[in-house]
Amino acid sequence: MMGLTAQSSGIHAFLEELNQSSVKADAIIALAGNPNTGKSTVFNGLTGLNQHTGNWPGKTVILARGNYQHRNKNITLVDLPGTYSLLANSADEQVARDFICFGNPDATVVVADATCIERNLNLVLQVMEVTTKTILCVNLIDEAKRKNIAIDCSGLEKILGIPVIPAVARDKVGLTELKDAIHKVAIEKKPICPHPLIYNESIENAINQLQNDVETLLQGKFNSRWAAMRLLDGDATMITEMLHHLKKDQRQEPLAIRRGEAHCYE
Amino acid sequence: MSVAEFELTCLPMGKIAQVIHVGSEGATRNRLLDLGLVPSTIVEAIRKSPAGDPVAYMIRGAVIALRSEESRQIKVRSIN
């Protein structure tokens with residue numbers, strides 16, 4: 001476990017440490033989700049670490065990590081701060097955003113609260129736009145049932161185009177299925193084709209105009225459609241961060257290049 | 001602007017309304033959209049803080065407190 005500042009140097013230091021870790025990780029998995037979705041409970045359930053869990057919104061202010069073994073593979077799990085969005089507003093959200101966008105994890109698990117899944121799907125869609133290797137874990141299924149809410153996980157799977165795993169992390173329900181899903185995506189490299197979000201015509205035209213040039217500049221380092229959209233947003237912090245990562249990549253061989261990443265809808 | 005359209009700030013406690021338009025800009029707009037306040041969302045005013053500001057709203061299954069400077073930017077219409 002280690003603390004991390006919002007600075008991008010922190011992300012790089014963190015990635016380097018992950019690389020040099022004494023336990024060789026076969027895959028690095030990011031764990032994301034809105035605040036109070038039981039993300040830390042999923043983390044503890046998977047890794048067996050007994051982290052303190054409380055009910056304060058966004059209480060996970062440091063980046064925790066833990067390991068587990070599944071089917072003879074070492075999986076490193078990174079517990080990101082709770083976040084509503086990748087269009088970062090706070091330092092916490094920036095840490096989560098930077099890790100998902102630039103840390104190039106082998107899979108990103110988004111934990112969603114089954115009792116108010118609608119609001120959680122916003123983050124799911126945003127993560128799906130960055131990385132095809134997205135898994136949705138719908139947690140608190142038992143509480144939803146108590147409120148007469150039934151979640152059609154296979155229906156969600158069809159609509160989103162990503163694996164969807166129902167869970168009650170507190171009672172360790174669904175965690176084996178989640179480990180299996182992570183194994184398929186991160187180890188077996190089973191391709192996932194999330195259904196791309198199509199925006200209105202004017203936005204799509206603007207994205208198309210930019211995307212080829214962006215693709216050339218990025219040299220496949222991140223998703224060019226996503227990068228083009230962030231340029232259209234004009235989010236200065238995101239653009240600075242992207243430039244920083246591109247420069248960094250010229251100096252040292254990053255995780256991103258070593259692994260290589262394919263996007264199935266490009 | 002239709003007659004039925006008003007600012008979310010004016011929604012009485014216990015009443016529900018439907019979002020028509022989020023007028024804020026930049027980071028505030030992003031935040032409100034991230035919290036689920038998109039056009040056609042149903043919002044219920046559920047309680048006022050002692051000073052009358054902020055006000056807690058039920059939005060897509062979660063209770064969210066908004067300052068009047070934020071809720072003033074949100075145009076809603078009554079539904080019933």
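In this predicted model, pLDDT stays under 50 over residues 52–60 of chain A. Where pLDDT is low, predicted coordinates should not be read in detail. Chain A as a whole has a mean pLDDT of 82. In that chain, 79% of the residues reach 70 or more.

Strand β2 of chain A spans residues 64–70. Five of its seven residues are buried, so the strand is largely enclosed by the rest of the structure. Strand β3 of chain A covers residues 73–79 and runs antiparallel to β2(A). Seven bridges join the two strands. Within this pairing, A:Tyr68 has A:Ile75 in β3(A) as its bridge partner. The two strands form a hairpin with two residues between them. In this hairpin, A:Arg71 takes a positive phi near 45°.

Aromatic pairing was examined next. Over all chains, the structure holds one aromatic pair. The partners are A:Phe102 and A:Trp226, arranged edge-to-face. Their ring centres are 6.3 Å apart, with 65° between the planes. A:Phe102 belongs to helix α3 (residues 91–102) of chain A, and A:Trp226 to helix α9 (residues 224–233) of chain A. The pair therefore ties together parts that are 124 residues apart in sequence.

With a relative accessibility of 27%, A:Leu125 counts as partly exposed. Residues up to four places away in sequence aside, A:Leu125 touches A:Leu160 and A:Leu197. A:His195 is 70 residues from A:Leu125 in sequence. The C-alpha atoms of A:Leu125 and A:His195 are 9.4 Å apart in space.

Chain B contains an open sheet of six strands. Their order is β1-β6-β2-β3-β4-β5, and the pairing is antiparallel. The edge strands are β1 (5–7) and β5 (62–66) of chain B, each of which pairs on one side only. On average, neighbouring strands of the sheet are turned by 45° against each other, direction ignored. Strands of a sheet pair through backbone hydrogen bonds. Inside the chain B sheet, strand β3 (residues 42–48) and strand β4 (residues 55–59) are joined by five bridges. Here B:Arg47 stands opposite B:Ala56 of β4(B).

Helix α2 of chain B (residues 68–71) includes B:Ser68. This serine, B:Ser68, counts as buried because its relative accessibility is 18%, with the limit for buried set at under 20%. Leaving aside neighbours within four places in sequence, B:Ser68 is in contact with B:Thr9 and B:Asp53.

An unreviewed UniProt entry annotates residues 6–78 of chain B as "domain: Ferrous iron transporter FeoA-like". Over this range, the chain is 18% helix and 42% strand. The end C-alpha atoms of residues 6–78 of chain B are 8 Å apart.

Technical notes
Residues are numbered from 1 along each chain as its sequence is written. Chains are lettered from A and ligands numbered from 1 in the order in which they are written. This is a predicted model: local features need pLDDT of at least 70, side-chain atom pairs count only at pLDDT 80 or more; totals for chains, interfaces and linings use all residues. Side-chain values use heavy atoms; hydrogens and water are left out. Two strands pair if DSSP finds at least two bridges between them. Helices (H or I, at least four residues) and strands (E, at least two) are DSSP runs, numbered from the N terminus. Axes are lines fitted to C-alpha atoms, for helices over the stretch in contact, and angles run from 0 to 180 degrees between N-to-C directions. UniProt positions are given in the numbering used here, feature names are shortened, and annotations may be inferred rather than shown by experiment. Rings of Phe, Tyr and Trp (its six-membered ring) pair if their centres lie within 6.5 Å; planes under 30 degrees apart count as stacked, over 60 as edge-to-face and the rest as tilted. pLDDT is the predictor's confidence in each residue, from 0 to 100. Contact means heavy atoms within 4.5 Å. Buried means under 20% relative accessible area, exposed over 50%, partly exposed in between (1.4 Å probe, protein chains only).
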